[in-house]
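Subject: Structure handover

Hello,

Here is the structure I promised to pass on. Please open it first, then read the notes below it.

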Amino acid sequence: LFESVFEPETGNRLHVHRREDEVGYVLEGALEIRLADQTVVLEAGGVAHLPKNIPHSIRNPLKTPSRYLFMAIPAGLDQWFDALDAAKRDGTLDDALYRKLSLDYGIEWLE
């Protein structure tokens, strides 16, 4: 389980998790969730289930920050975040390493 913030009008690209389902809960603001060919906007208190192997993206459609909780089932996605953070700290993170680390943790970027 992790808490995070998307700054105004930011988010992530279309991707697939091969290992874990995700459940998202909006604490403040809103999240626009694209799941396969459907798009929904969740406001504070909204919950979404993002099954593994289904392409999805998440973005904040607002002009203010959005705060949310995400849970990965089974656990382990935190190790990907830790690997990215370590690569940022040592200055080795570039697009190629980002994609490699993602694939190492079962995440495939589609856009």
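Two strands pair if DSSP finds at least two bridges between them. Helices (H or I, at least four residues) and strands (E, at least two) are DSSP runs, numbered from the N terminus. This is a predicted model, so local features need pLDDT of at least 70 and side-chain atom pairs count only at pLDDT 80 or more, while totals for chains, interfaces and linings use all residues. Residues are numbered from 1 along each chain as its sequence is written, and side-chain values use heavy atoms, with hydrogens and water left out.

The sheet

β3 and β8 pair in the antiparallel sense, over seven bridges. Glu28 stands opposite Arg67 in β8. Strand β3 (residues 21-28) also runs antiparallel to β6, and four bridges join them. Two places show this pairing. Tyr25 has Val47 of β6 as its bridge partner. Glu22 stands opposite Leu50 in β6.

These strands belong to an open sheet of four, in the order β1-β8-β3-β6, with antiparallel pairing. Its edge strands are β1 (2-6) and β6 (47-50), each pairing on one side only. On average, neighbouring strands are turned by 25 degrees against each other, direction ignored. Here axes are lines fitted to C-alpha atoms, for helices over the stretch in contact, and angles run from 0 to 180 degrees between N-to-C directions.

Aromatic pairs

The structure holds seven aromatic pairs. Rings of Phe, Tyr and Trp (its six-membered ring) pair if their centres lie within 6.5 Å; planes under 30 degrees apart count as stacked, over 60 as edge-to-face and the rest as tilted. One of the pairs is Phe2 with Phe70: the ring centres are 6.3 Å apart and the planes are at 25 degrees, so the pair is stacked. Phe2 is in strand β1 and Phe70 in strand β8 (residues 66-73), so this pair links distant parts of the chain, 68 residues apart.

The helices

Helix α1 (residues 77-89) and helix α2 (residues 95-104) have axes that come within 10 Å and cross at roughly 160 degrees. Contact means heavy atoms within 4.5 Å. On α1 the contact is made by Trp80, Ala83, Leu84 and Ala87; on α2, by Leu97, Tyr98, Leu101 and Ser102.

Two loop details

The peptide bond from Ile73 to Pro74 is cis, with omega near 0 degrees. Pro74 is found in the loop between β8 and α1. Glu9 lies in the loop between β1 and β2 (15-17). Phi of Glu9 is near 55 degrees, a positive value in a residue other than glycine.

Best wishes
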